[in-house]
Amino acid sequence: MQFLKALIVIMGVMIIAGFAFLGVELYKRISDPERRAGADTERAAAPAGRMEEVTLGLPAGARLGDPVAVGNRVVFRVTIPDAADRLYVMDPRTGAIAVTVTAGAATP
């Protein structure tokens, strides 16, 4: 019977220690200045409800294909008459074009 009482007390102490550890970690993650600065930067880059215009500089007659979400990027195809097709990879938070892939022969 003594053993059972000791086991229950030990298990209770472990549960309380586990909750205390979770509370401390949660407090650290919420009050971390580096993480908070990164979140403020993201909000400043793309405020809610604000639309940003991005110019691709495409020639007349170019057609945009359907956009496809890939991870945290948007990929869309551009068909240009009398030229090679292109794939654009865009970051939707900033509107910046990260990569442009051109189909066709490699240029030196």
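Select Arg-29 to begin: at 52% relative accessibility this residue counts as exposed, where exposed means over 50% relative accessible area, buried means under 20%, and partly exposed lies in between (1.4 Å probe, protein chains only). The areas come from the Shrake-Rupley method with a 1.4 Å probe, and for residues only the protein chains shown count as cover.

A word on what is on your screen: this is a predicted model, in which local features need pLDDT of at least 70 and side-chain atom pairs count only at pLDDT 80 or more, while totals for chains, interfaces and linings use all residues. Residues are numbered from 1 along each chain as its sequence is written, and side-chain values use heavy atoms, with hydrogens and water left out.

**Stop 1**

Helices here are DSSP runs (H or I, at least four residues), strands are E runs of at least two, and both are numbered from the N terminus.

Which residue does Lys-28 bridge to? The partner is Glu-25, with the closest N and O atoms 3.6 Å apart. Glu-25 and Lys-28 are three residues apart in H1, again about one turn of the helix. Glu-25 is partly exposed at 23%, and Lys-28 is also partly exposed, at 48%. With Arg-29, they are linked in a network of salt bridges.

**Stop 1: the nonpolar patch**

Slide along to Leu-7, which is found in helix H1 (residues 2-30). At 34% relative accessibility, Leu-7 counts as partly exposed. Show the surface and select Met-1, Phe-3, Leu-4, Leu-7, Ile-8 and Met-11: together they make a nonpolar patch of about 700 Å². Patch members have over 30% relative accessible area and no salt bridge; nonpolar side chains (Val, Leu, Ile, Met, Phe, Trp, Tyr) are joined within 5 Å, and like charges within 9 Å.

**Stop 2: a ring pair between strands**

How many aromatic pairs does a search of the whole structure find? There is one. Select Phe-76 and Tyr-88: their ring centres are 5.6 Å apart and their planes at 15 degrees, so the pair is stacked. Rings of Phe, Tyr and Trp (its six-membered ring) pair if their centres lie within 6.5 Å; planes under 30 degrees apart are stacked, over 60 edge-to-face, and the rest tilted. Phe-76 sits in strand S3 (residues 73-79) and Tyr-88 in strand S4 (residues 86-90), twelve residues apart. Phe-76 is buried at 10%, and Tyr-88 is buried at 5%.

**Stop 3: Thr-100 and its neighbours**

Leaving aside residues up to four places away in sequence, Thr-100 touches Arg-86, Leu-87 and Tyr-88, a contact being heavy atoms within 4.5 Å. Its C-alpha lies 6.4 Å from that of Val-89, eleven residues away along the chain.

**Last stop: colour by confidence**

Finally, colour by pLDDT, the predictor's confidence in each residue, from 0 to 100. The chain mean is 79, and 77% of residues reach 70 or more. Confidence is highest in H1, at 94, and lowest in helix H2 (residues 33-45), at a mean of 56. Where pLDDT is low, the predicted coordinates should not be read in detail.

Technical notes:
A salt bridge is a side-chain nitrogen of Lys or Arg within 4 Å of a carboxyl oxygen of Asp or Glu.
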